[in-house]
Amino acid sequence: MSEKKIGFIGAGNMATAIINGILGNKAKSAENIYVFDLDKNKLAVMTKKGINAVGTGKELVRNSDIIVLAVKPQNYDEVLSEIKSEADEGKIFVTIAAGISIEYVRKSLGLNCPMVRVMPNTPLLLGKGATALCRSENITDEDFEEVYNMFALSGDAAILPESQMNAIIAVNGSSPAYVYLFAKSMVDYAVSVGIDAATALRLVCKTFEGSAEMLRSSGDTPEQLIEKVCSKGGTTIEAMNVLNEREVPKAIADAMAACTKRAEELGK
């Protein structure tokens, strides 16, 4: 177990998910984790776990070797300005906000600090996360592995070049919402024909789980799996015909492109 101390600026859902993964997998003890948040109630929850709650971002940086910037993109300017005087090139910074680049953090801090840019998603809360990471050129393999494991311990993780980090948001960062929309539409239809909503949701969730496992384990491509469900003259092919006539695949692609565009607009 590394003796490096990890600090989280921000104690929201994503920071909580990462911390729970670290503690649950015994990757680090609570006494080596620091947290700062303006919300005292969130800090109280952390202290009950034995985590060190501190009063300012500066104090957190002073006490931490790895600093996770777990705040919204619009708060980065304020946070980086506050902690700049305590930052140095011996500390590792991790950005998990959409559009926030390695270059932007370095420029704001006035340092060529080692960094990791991360795009996690909310299923990390359940240990089922899908996370994309990219590393700066000057972070050691050992330090990068420690940051990588913070996310890989709570799901799956992939390493990408930074040039793809805005585009990957549409693939794993924002995409749970697409799944929830599809699920809602299926349940709404079930209710409209008299099926109990709770029963429908339970069956829809299990269908999603099973379908994901088929994609992961069957060895078939998505296209091949579609063909196996779509018997000629059957019911599924009728549903697929409507989805294709309404250009649902194109709508999904357009939605993902809009997601990427917005990430670039937010980008710093």
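1. Gly-7 stands opposite Ile-67 in strand 4, where strands are DSSP runs of E with at least two residues, helices are DSSP runs of H or I with at least four residues, and both are numbered from the N terminus. The structure is a predicted model, in which local features need pLDDT of at least 70, side-chain atom pairs count only at pLDDT 80 or more, and totals for chains, interfaces and linings use all residues. Residues are numbered from 1 along each chain as its sequence is written, and side-chain values use heavy atoms, with hydrogens and water left out.

2. Strand 1 (residues 6-9) lies beside strand 4, and the two pair in the parallel sense over four bridges; two strands are taken to pair if DSSP finds at least two bridges between them. Within this pairing, Ile-6 stands opposite Ile-66. From strand 1, Ile-6 and Phe-8 point one way and Gly-7 and Ile-9 point the other way, and all are buried. Buried means under 20% relative accessible area, exposed means over 50%, and partly exposed lies in between (1.4 Å probe, protein chains only).

3. Strand 1 also pairs with strand 2 (residues 33-36), in the parallel sense and over four bridges. The bridge partner of Gly-7 in strand 2 is Tyr-34. From strand 1 the chain crosses through helix 1 (residues 13-24) to strand 2, and this β-α-β crossover is right-handed. A crossover is called right-handed if, with the strands pointing away from the viewer, the path from the first strand over the helix to the second runs clockwise.

4. What directions do the side chains of strand 4 (residues 66-69) take? Ile-66 and Val-68 point one way and Ile-67 and Leu-69 the other way, and all are buried. In a regular strand the side chains alternate between the two faces of the sheet.

5. Strand 4 and strand 5 (residues 92-95) pair in the parallel sense over four bridges.

6. Strands of a sheet pair through backbone hydrogen bonds, either parallel or antiparallel.

7. Which residues of helix 5 (residues 102-109) are buried? They are Ile-102, Tyr-104, Val-105, Arg-106 and Leu-109. The cover over these buried residues includes strand 4, helix 4, strand 5, strand 6 (115-119) and strand 7 (129-135). Helix 5 is followed by Gly-110, which has a positive phi near 70 degrees.

8. Lys-26 has a positive phi, near 55 degrees, and lies in the loop between helix 1 and strand 2. Because its relative accessibility is 65%, Lys-26 counts as exposed. Glu-247 likewise has a positive phi near 55 degrees, and its place is in the loop between helix 11 (235-245) and helix 12 (248-266). With a relative accessible area of 48%, Glu-247 is partly exposed. Most residues other than glycine have a negative phi.

9. Leu-160 is found in the loop between strand 8 and helix 7 (168-173). Its relative accessible area is 21%, so Leu-160 is partly exposed. Leaving aside neighbours within four places in sequence, Leu-160 is in contact (heavy atoms within 4.5 Å) with Ala-132, Leu-133, Cys-134, Met-165 and Ile-168. Leu-160 and Arg-117 are 43 residues apart in sequence, and their C-alpha atoms are 9.8 Å apart in space.

10. For the chain as a whole, there are 12 helices and eight strands. The C-alpha atoms fill a box of roughly 70 × 40 × 30 Å, taken along the principal axes. Of the 268 residues in the chain, 38% are buried. Among contacts between residues at least 6 apart in sequence, 63% join residues at least 24 apart.

11. The chain exposes about 14700 Å², of which carbon and sulfur atoms supply 56%; accessible areas come from the Shrake-Rupley method with a 1.4 Å probe, and for residues only the protein chains shown count as cover.
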